[in-house]
Amino acid sequence: MMKNKIHDINTLAKILKKKRENGNKIVLCHGVFDLVHFGHIAHFKRSKSFGDILVVTITVDKFVNKGPNRPYFSQDLRKFFLSNIDLIDYVSEVNSPSAIEAIRKLKPNFYSKGKEYENLNKDITNKIISEISELKKHNGKIVYTDDITFSSSKILNDLEVLLSPQQLKEVRNIKKNENYDTLLKKFEELKKLKVLVIGELILDKYTLCEPLGKSGKDPIMMFKKDESKMIMGGSGAIANNLSNFCKEIKLISYVGKNMNSKKFVQKNLDKKIKKEFLYINGPTIQKEKFIDKNSGSKVIGFYNFDDSFIDNRNQNKLKNLLKINLKKYDLVIVANYGHGLINDEIATLISNKAKFLVVNSQINAANILHHSLNMFKKATCTIINEGELRHEMRDRHTDIELLIRKFSKSINSSYIVITRGSDGSKLFDTKKNKFINSAAYASKIIDKIGTGDTLMAIFAIFLKSTKNPELSLFISSLAASHNVQKMGNSLKISPNLILKTLQHLI
C-alpha cells in the first residue's frame with residue numbers, strides 16, 4: 001500500500017523534523033509543475049541524489065503568474081500527479097508566491113533549482129535571492145541540477161491550448177516584432193518619463209459581512225459585520241502603480257478635513273510620489289462595499305462625499321498649480337470621476353496646456369445625471385467604458401465601431417480606447433481610421449474596481465514612450481488582467497509582474 005505523500009505544510013514540517021533527527025538529509029524542490037515533463041523527472045532524480053528524502057512543494061493556483069489560463073491544472077491535480085512519481089517522497093503546497101514559507105517551515109538541507117536559475121541577474125522577481133537568504137538562516141544550501149531543460153510554458157504555448165483565438169492572434173502579432181529582450185528595453189525606457197496625474201482620490205473600503213436573514217420586525221435583510229479593509233483608489237491608485245515604472249510622478253488632487261483620512265492617504269501613497277493637495281471642508285471621497293464573506297459577492301455599497309465643485313479659493317489654487325506644472329511633464333493623465341475637482345474651465349486649461357494628455361472621464365452611480373464624457377475637447381487619448389459610451393450617446397444597440405466613429409466627431413482625440421469587460425478593449429486610431437482589438441486576459445474575475453484605471457495608466461506610459469498603440473494596448477490589457485483578479489486596487493502593478501507574464505507568453 002502506497003504511503004500518503006500529500007500533507008499540509010505544518011504537518012509535513014513535523015514529519016520532516018523526526019526524519020532529520022534520525023539522520024536523514026532533506027532535499028526541497030519548489031515550483032508550479034503545471035505540466036510535468038522529462039525535464040522535471042531528470043531534475044527530481046538529480047535533486048534526490050543530494051540527500052535522502054525528496055520533498056516537492058507547489059505554488060497554489062492564485063499565486064501562479066504565467067499568463068492567461070494558468071495554471072492549466074489545478075493545485076489538487078498537480079499534487080496528485082506529483083505524489084504518484086516514485087522519486088518523490090512528500091508533496092505539499094505553499095500559500096504564497098515563493099518558496100520562502102516552505103524553506104522556513106521545512107528547513108531543508110538542500111534547496112534544488114534548475115541550472116537556468118543559477119544566474120541571479122535573470123531573476124526578475126528576486127524570489128531566488130530571498131529564498132537563498134531564508135535558506136541560509138537554517139544552514140541550508142542551494143544546489144543546481146544540470147540536466148536537459150524544457151519549459152512547461154513553451155510546451156503549452158506550442159500546443160496552443162492556453163489562449164483563445166483572439167489572444168493567440170495578438171500574441172503572434174506581437175512576436176513578429178518583439179521578443180522578451182526588446183520588451184525589457186521598452187520597460188527600461190519608461191523610467192525616463194515624468195508623469196502628472198490629476199483626479200479625485202478615492203478611499204475604497206471593503207467590509208465583509210454574513211447574512212443573518214430577514215429582520216423579525218422590518219421587511220429588510222440583516223447582516224453581521226466582520227472585518228473591514230481600506231484600499232487606496234482613484235487617482236491615488238493610478239499614481240501608486242506608475243511610481244513603479246517612471247522617473248517622476250506628481251499627483252494633484254484634494255483631500256477632506258478628516259484627520260484619519262489624511263493619515264491614511266499619506267501612509268498609503270508611495271513615498272516617491274510628489275503631492276499637491278487641495279484641502280476641502282467635506283470628506284475625502286469614500287466608497288464602501290459590503291461583501292458576502294462566503295460567496296465574495298457584493299451586497300450593497302455606500303458613498304460618502306461632497307461632489308459639489310470645489311470652492312473659488314481652491315479653484316484658483318488648482319488653476320495656478322496646473323499652469324505651473326502642466327508643461328513640466330512629458331505625460332498628463334486625468335482621471336475625472338465627476339466628484340467636483342474638474343469643471344469645464346479646468347478641463348479646457350488642461351486640454352490646451354498638456355503636451356501629451358490621456359483622459360478617462362467616468363460615469364458612475366453618483367454623477368450619472370450630470371456628468372459628460374466629452375469635457376476634454378482635445379486629448380491624445382480618451383479612454384472610456386462601453387456602457388459609459390452608450391449612455392453618453394443614448395444608444396444601446398448600434399454596432400460599437402459605428403458608435404465610436406460617431407463619438408470621435410465630438411472630441412479631438414488621436415486615439416479612443418473603449419474597455420468592454422470580458423470582451424476586452426477596442427482602440428480607434430482616428431488619424432489612420434483604424435481599429436485595434438485586444439482580448440481580455442483574466443482567467444477569473446474578483447472585482448472590476450480600478451481595472452479601467454490600471455489599463456489607462458499602463459497604456460498611457462507605453463503609448464507615450466513607444467508610439468505603438470497595438471503594443472501599448474496589449475501590455476495594458478495584461479496589467480488589467482492582474483488587477484481584476486484582486487479586490488479593488490489591493491495589488492500594486494509593477495514592471496516585474498507584467499514582465500513575468502510576458503516571459504511565459506513571448
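What is the order of the strands in the open sheet of 9 strands?

## Sheet

The order is S10-S9-S6-S13-S14-S15-S16-S17-S18, and the pairing is mixed. Two strands count as paired if DSSP finds at least two bridges between them; helices (H or I, at least four residues) and strands (E, at least two) are DSSP runs, numbered from the N terminus. The edges are formed by strand S10 (274–279) and strand S18 (434–438), each of which pairs on one side only. On average, neighbouring strands of this sheet are turned by 15° against each other, direction ignored.

Strands S15 (residues 378–385) and S16 (residues 412–419) run parallel and are joined by 7 bridges. Alanine 379 stands opposite serine 413 in S16. Helix H13 (residues 386–393) lies across strand S14 (357–361), S15 and S16, and runs at about 105° to S15. Axes here are lines fitted to C-alpha atoms, for helices over the stretch in contact, and angles run from 0 to 180 degrees between N-to-C directions.

## Basis of the model

This is a predicted model, in which local features need pLDDT of at least 70 and side-chain atom pairs count only at pLDDT 80 or more, while totals for chains, interfaces and linings use all residues. Residues are numbered from 1 along each chain as its sequence is written, and side-chain values use heavy atoms, with hydrogens and water left out.

## Nonpolar cores

A nonpolar core is a set of buried Ala, Val, Leu, Ile, Met, Phe, Trp, Tyr and Cys residues joined through side-chain atoms within 4.5 Å. Buried means under 20% relative accessible area, exposed over 50%, and partly exposed in between (1.4 Å probe, protein chains only). The largest core has 92 residues, and Val195, Ile198, Ile350 and Ile461 have the most contacts inside it. Helix H15 (residues 451–466) gives the most to this core, with 9 residues. Another core, of 19 residues, lies apart from it and includes Ile9, Ile53, Val55 and Ile103.

Leaving out residues up to four places away in sequence, valine 195 touches Leu242, Cys246, Glu248, Ile249, Lys250, Tyr329, Leu331, Ile333 and Ile461. Contact means heavy atoms within 4.5 Å.

## Positive phi

Most residues other than glycine have a negative phi. Phenylalanine 33 has a positive phi, near 50°. This residue is in the loop between strand S1 (26–31) and helix H2 (38–48), and is buried, with a relative accessible area of 8%.

Asparagine 139 also has a positive phi, of about 60°, although it is not a glycine. Its place is in the loop between helix H5 (127–137) and strand S5 (141–145). At 73% relative accessibility, asparagine 139 counts as exposed.
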